[in-house]
Amino acid sequence: MSTPAMPSQTNNGGIQLLSVGKHYDTQQGTVQALAKTDFSIEEGEFVVLLGPSGCGKTTLLRLIAGLLKPSMGTVTVGGHALWRDDRRDDAAVADLGVVFQDAELFPWFTIEENIALPLKLRGVDRAARKQRACELCKLVGISGFEQRYPRELSGGMRQRAAIARALSYDPAVLLMDEPFGALDAMTRDQMNVELQRIWIATAKTIVLVTHSISEAVFLADRILLLTSRPGRVDEVTPVDFPRPRVLGLQATDPFQHIVDRLRERLEHKHEH
Amino acid sequence: MNTDVKKELHPTMAARRVYRLSDLPVWLCSLALLALVLGLWEILVRALDISPFILPPPSAILREWVVSLATPVLWDHTLVTVLETLLGFVIALVTGVATGALLGKNPRLEKILNPFIVTTQVVPKVAIVPLFVLWFGFGLTSKVLVAAMLAYFPILTNTILGVKSVSHGHRDVMITLNASRWQTFRNLELPNAMPYIITGMEVGIVLAIIGAVVGEYLGGTQGLGAMAVKEMNSYNTARLFAVIIHMSIVGFVFYAAVGVCRRIATPWHESASPPRS
């Protein structure tokens, strides 16, 4: 996608947060949801935001997604500032694909129509939409279900369709808010392997929110550990197991070592 | 010996041998109930020698109805009532969905207008019918407008509810896709409102017929309502009943047609799927 004529787009999938913070003004005073945060995510990186509920990890993801406007600081996506006054930058938004916790497919559209909805909004013609949806179904492993309605699919398959929808317009970044939180443990493990495969196949930048430590260690290049009151990034943990990682990795000592260390860190923080 | 065997059987197996009412198909039970009521009616009317001016037996009513089915008069009146109902209903549907969508998308406007909407809901609208006859005459117009007025409110309120009841998660999807207001309406709010709108239509179509018939009661010589009044004035009770039955069937057909609309327009929704046993 990047062309020499547009040097600002050489870092298509990169994300920068500069002094980003979020607070809400309520009748009881100001509530700080996210303390001043600085970090940057490389293009093609898999970053996991890990923390207990209420630590502001979802707030942070929604700030990157443009669903929340930061109270201070700047979010930059692919070299474009996300907010310009009260309007979001079209180029920055076009670089973002979001996957929500509850798939959020539209029940009145078939799986194919759901996946192709972003293309329909962009004015892509019907035949091209159909073809793209078909390719994506193959990629996420739900071929043959194109004409079904979402309620006819299992939770795991609905989430696959939601990923396909987010990928349909080929954004450089995939933002995922506890995408497998509602799934059972076995399906969840399987979806983690699938997500890794999709990530390798598409070379997207992924920012994923979770409260599962093992999910974080299994998926991430880097884990941002968040702590609560106020929500802030506590520490950054690089994870450098080779790819593709297999589920058996979770039983190994180095894997458990990182999990244990993160758990201790979280529990320690929680006592204060 | 048989009783001994039964004792040894598993309770569910023993129950299976017993003939139960719940084993019959539902439609057959409904039909049997109808036959029972009609049978009792027939017997009571004959046994108590009730005057046919008060309560004719079902057999006489049925005869009258079948006879009038063969006459063009009944069909002419039916056509008028159907036309009034349909025109009124379509007006109510278009204006109800349009204004409902507008109010659903503008909470401030809805709050301002809400007291008026509630007031119009509470006022017995049938009481305004003479006014409509006064303003628009004894012809088709007054009846169409009465039908439209009665059908309008359930469609309006259901559309407002449907447009407003979009989930936050679905809204977030459209925001992240940078959808325009119109795209959001077309792809999210309107389809989300569809099951609600159709529920409004189900209530609305019945009210539209009531509006048309009540309008016909009060003025004019056309339509099933006017026909019923004529039979009443000539004390032809059996034929009056026949007209009432005919109206009910027309109403039933309309209601069923909306049900077909539901299955066509919202095949994705639980309300459109056949009941599971």
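**Two chains, one predicted model**

From the N terminus on, the elements of chain B run α-α-α-α-α-α-α-α-α-α-α-α. That makes 12 helices and 0 strands in chain B, where helices (H or I, at least four residues) and strands (E, at least two) are DSSP runs, numbered from the N terminus.

Some housekeeping, everyone. This is a predicted model, in which local features need pLDDT of at least 70 and side-chain atom pairs count only at pLDDT 80 or more, while totals for chains, interfaces and linings use all residues. Residues are numbered from 1 along each chain as its sequence is written, and chains are lettered from A and ligands numbered from 1 in the order in which they are written.

Let's stay with chain B for a moment. Its radius of gyration is 25 Å, well over the 19 Å that the globule rule gives for 277 residues, so chain B is more spread out than a compact globule. The radius is taken over C-alpha atoms, and the rule is 2.2 Å times the number of residues to the power 0.38. Along its principal axes, the C-alpha trace of chain B spans about 75 × 70 × 35 Å. Chain B is divided into domain 1 (2-49) and domain 2 (59-272), with bounds from an automatic or database domain assignment. The C-alpha centres of these two domains of chain B lie 38 Å apart. Buried residues make up 33% of the 277 residues in chain B; buried means that 20 or more other C-beta atoms lie within 10 Å of a residue's own, exposed means 12 or fewer, and partly exposed is in between, with C-beta atoms placed from the backbone.

Now to chain A, which has 8 helices and 12 strands. Its radius of gyration is 19 Å, close to the 19 Å that the globule rule gives for 272 residues, so chain A is as compact as a globular protein of that length. In chain A, buried residues make up 43% of the 272 residues.

Please find strand E9 (residues 173-177) of chain A, where 5 of its 5 residues are buried. Both faces of E9(A) are covered: A:Val173, A:Leu175 and A:Asp177 sit on one side, A:Leu174 and A:Met176 on the other. Who are the bridge partners of A:Leu175? In strand E8 (residues 96-99) of chain A, joined to E9(A) by 4 bridges and running parallel, the partner is A:Val98. Strand E10 (residues 205-210) of chain A also runs parallel to E9(A), with 5 bridges, and there A:Leu175 is partnered by A:Val207. Strands pair if DSSP finds at least two bridges between them. From E9(A), the chain crosses through helix H6 (residues 185-202) of chain A to E10(A), in a right-handed β-α-β crossover: with the strands pointing away from the viewer, the path from the first strand over the helix to the second runs clockwise.

Finally, where do the chains meet? In total, 16 residues of chain A are in contact with 15 residues of chain B, contact meaning C-beta atoms, placed from the backbone, within 7 Å. Helix H2 (90-94), E8 and helix H3 (111-121) of chain A each supply at least two residues of the side of chain A that touches chain B. H3(A) gives the most, with 3 residues. H3(A) is mostly covered, with 9 of its 11 residues buried. Those buried residues pack against helix H4 (126-140) and helix H5 (155-167) of chain A, together with helix H10 (181-218) of chain B. After H3(A) comes A:Gly123, whose phi is positive, near 80 degrees.

Terms used
Two residues are in contact if their C-beta atoms, placed from the backbone, lie within 7 Å.
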